[in-house]
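I opened this structure to keep notes on what I looked up. The entries follow in the order I made them.

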Amino acid sequence: MSREWSQRRVLPDGGAAESAPPEQSTAPVLSVDGVDSGYGDVQVLDDLSLTLEQEEIACLVGPNGAGKSTVLKTVFGLLSPWEGHVRYRGEDIGGMAPEEIVRIGIGYVPQTDNVFASLTIEENLRMGGVARNDDLEPVIAELYDRFPILDEKREAKARTLSGGQRQVLAFARALVMEPDVLLIDEPSAGLAPNTADEVFADVQAVNDLGTAILMVEQNARKGLAISDTGYVLDQGSVAYTDDADALLDNPEVSRLYLGG
Ligand SMILES: Nc1ncnc2c1ncn2[C@@H]1O[C@H](COP(=O)(O)OP(=O)(O)OP(=O)(O)O)[C@@H](O)[C@H]1O
C-alpha cells in the first residue's frame, strides 16, 4: 500500500492535505487533552490525555471497565468529550460526527460486529469505501496484494472466515479509506494464541506502511510487545505511561496490571 493516500486527505478545516504537508506540522497526528467523557450522565474518562505520532503504535491497557474502549469511542466521535479536546493534526475534532472523522483520516475497527457476515469479502471492502467518491479499484487491489487470504476468498461470505481472517478483513475494510490513524479495539479478542500473533503481525505491517495506531488490548503483554508507547488506564485516567518496553519492565506495573 502506498503512502500516497494521505496526500488526498481533507483536513478538518476543509483544506486539502497537500496544502499542509505533515513535515511542516509539529503537532502529533492525534492528541487527547484533558478529556472527560462518558455515557448519559455517567462519567467514565476523567482528565485523560494522550498523544500519538504518525509512526507510532500506542497501546491502551488496564483492567476491565477502566475506560479503554471509551477512549476510542470518544476519539471516533461516537461520544462527545464533556471537557477537554481531541485533536487531529492540531485541529479540534471533538464532537465531530464519525462519518466526518472517517473522511478526514481516522479509521475505527470495533471489537465486535466489525464485518458484515452475510456479505462477501469484496462487498465488505466496497462497503468500507462508501464514503469515498473516487475509484475504489486501485486501493482494493492493493489490499488484496497486502492480504492474500482476502484475495483468495474475495467471493466468499465473511461468515465463512475464521476469527483471525475476519479480523484481517475488519482491518482491510477500515484501510479502504486510507486512514492516517487507525483505532483498533482488542484485535486479539477471542483468538487462539497463534492466530493472535498473526493478527498482531498484521497490525505491525499496517503501521509499517505509515498508519499510526491507537490500540486497546486485553492481552497487555502482547499488545505492549508490538507497541512503541503504552498507557495504563485505571478508573478513566492514565495511571502510567511510558515507552512500551519500559512499562513491560516496570515491576509495579507488572504486579498491578500485567499479572505479575
Ligand atoms: N454503552 C454504555 N452505556 C453505559 N455504560 C457503558 C457503556 N459502555 C461502557 N460503559 C461503562 O463504561 C465503563 C468503561 O467501559 P469501557 O468499555 O470503556 O472499559 P474497558 O476499559 O474498555 O474495559 P473492557 O475491557 O471491559 O471493555 C464501564 O463501567 C462500562 O460498564
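**Entry 1: helix α4**

I began with α4 and looked at the face turned away from its buried side, which carries the exposed residues Glu 137, Pro 138, Ala 141 and Asp 145. I note here that the model is a predicted one.

Next I looked up the buried residues of α4, which spans residues 137-146, and found Val 139, Ile 140 and Leu 143.

What covers the buried residues of α4? I found that the cover includes α3 (121-128), α5 (148-152) and α6 (163-175).

**Entry 2: the sheet**

I then traced the strands. Four of them form an open sheet, and I wrote down the order as β2-β1-β4-β5, with antiparallel pairing. β2 and β5 (91-92) stand at the edges with a single partner strand each, so one side of each has no neighbour in the sheet. As a reminder to myself, strands of a sheet pair through backbone hydrogen bonds, either parallel or antiparallel.

How many bridges join β1 to β2? I noted seven, between antiparallel strands, with β1 made of residues 30-39.

**Entry 3: helix α1**

I looked up where α1 lies relative to the sheet strands. α1 lies across β1, β2 and β4 (83-88), and its direction makes an angle of about 110 degrees with β1.

Is α1 mostly buried or exposed? Seven of its eight residues are buried, so α1 is largely enclosed by the rest of the structure. I listed the buried ones as Lys 68, Thr 70, Val 71, Leu 72, Lys 73, Thr 74 and Val 75. Just after α1 I came to Gly 77, which takes a positive phi of about 85 degrees.

**Entry 4: around the ligand**

Last, I went to the ligand. Which residues come nearest? Of the 13 residues around the ligand, I wrote down Tyr 39, Asn 64, Lys 68, Ser 69 and Thr 70 as the nearest. Sorted by class, the shell has five nonpolar, seven polar and one charged residues.

I also checked which elements supply the shell. β2 (42-52) and α1 (68-75) each give at least two residues, and α1 gives the most, with three. Lys 68 and Thr 70, both noted here among the nearest to the ligand, are also on my list of buried residues of α1.

Technical notes: Residues are numbered from 1 along each chain as its sequence is written. This is a predicted model: local features need pLDDT of at least 70, side-chain atom pairs count only at pLDDT 80 or more; totals for chains, interfaces and linings use all residues. A residue is near a molecule or strand if its C-beta atom, placed from the backbone, lies within 6 Å of it. Helices (H or I, at least four residues) and strands (E, at least two) are DSSP runs, numbered from the N terminus. Ala, Val, Leu, Ile, Met, Phe, Trp, Tyr, Cys and Pro count as nonpolar, Asp, Glu, Lys and Arg as charged, and the others, Gly among them, as polar. Two strands pair if DSSP finds at least two bridges between them. Two residues are in contact if their C-beta atoms, placed from the backbone, lie within 7 Å. Axes are lines fitted to C-alpha atoms, for helices over the stretch in contact, and angles run from 0 to 180 degrees between N-to-C directions. A residue is buried if 20 or more other C-beta atoms lie within 10 Å of its own, exposed if 12 or fewer, and partly exposed in between; C-beta atoms are placed from the backbone.
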